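Me: I would like to learn how to read a model like this one, going from the whole chain down to a single residue. Could you take me through it?

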Amino acid sequence: MGNRILIIEDDTAISQVLQLNLECADYNVTTFDNGLTAWNALEANHDYDLALLDMMLPGIDGFALLPKLQEYGIPVICLTAMGDAQHEVQGLRGGAEDYIAKPFDMLALMVRMEKVLKRSGKLNEVYHFRDLTLDNSNRRLQRNGEEINLPPLEFDVLAVLMKNKNRTVSRERILNEIWGQDYFGDIRTVDVRIANLRKKLNLSDEIRTISKAGYRLEER
């Protein structure tokens, strides 16, 4: 199982969407919809790698919870409908690692989560898809325990797809994650790597081409 994520959010719809998407990405998710309930629960169990914290909560608000999360060394990304700079500064000065306003793009949030986890040294970079296990930190790919050797760029493309499984990832996003935003080469290089992965790993049906959008590694 992946990193342990704590969601403290009183909007049920948002909390459920977050939980569903994060669990699909192999995160281990715990949710609370009340600030005071979360505060009390942290006393008994604070084994989390990252918290997604709504700032306006019943019980006690997110600003009051920030010191408690800091006490246990849990990095925080604040989620809030408040878009003004004053509350953003208040959250960041209170110890939050990042701040994102609702409504937010799920992929953008997950990129921010990954950066915070990496910055805090807590990022679990082992991804699973069916019988494949990819260890990004140690650059290893296995199928049922047997080592598979891929060229570096194909390995990197597969890593992007696996950590975003069941989500459509654009060619531009793949390029940016692997080659960086300054890459000015042919975007079709992604298509070549995808074709090789489909053939080598027998993933022709699982790596889907999404018209005018990109690719999706789909776990059916």
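**From chain to residue**

Reply: Let us begin with burial across the chain, keeping in mind that this is a predicted model: of the 220 residues of the protein chain, 45% count as buried.

Me: How many helices and strands are there in the protein chain, and how compact is the chain for its length?

Reply: The protein chain holds eight helices and eleven strands. Its radius of gyration is 19 Å, close to the 17 Å that the globule rule gives for 220 residues, so the chain is as compact as a globular protein of that length. Along its principal axes, the C-alpha trace spans about 55 × 35 × 30 Å.

Me: What share of the contacts with a separation of 6 or more comes from residues 24 or more positions apart?

Reply: Such residues account for 57% of those contacts in the protein chain.

Me: Turning to one residue, is Leu197 buried or exposed, and where does it lie?

Reply: Buried means under 20% relative accessible area, and Leu197 counts as buried because its relative accessibility is 0%. Leu197 lies in helix α8, which covers residues 189-201.

Me: Which residues does Leu197 touch, not counting those up to four places away in sequence?

Reply: A contact means heavy atoms within 4.5 Å, and on that basis Leu197 touches Leu150, Glu154, Val157, Leu158, Asn202, Leu203 and Ile207.

Technical notes. Residues are numbered from 1 along each chain as its sequence is written. This is a predicted model: local features need pLDDT of at least 70, side-chain atom pairs count only at pLDDT 80 or more; totals for chains, interfaces and linings use all residues. Side-chain values use heavy atoms; hydrogens and water are left out. Helices (H or I, at least four residues) and strands (E, at least two) are DSSP runs, numbered from the N terminus. Buried means under 20% relative accessible area, exposed over 50%, partly exposed in between (1.4 Å probe, protein chains only). The radius of gyration is taken over C-alpha atoms; the globule rule is 2.2 Å times the number of residues to the power 0.38.
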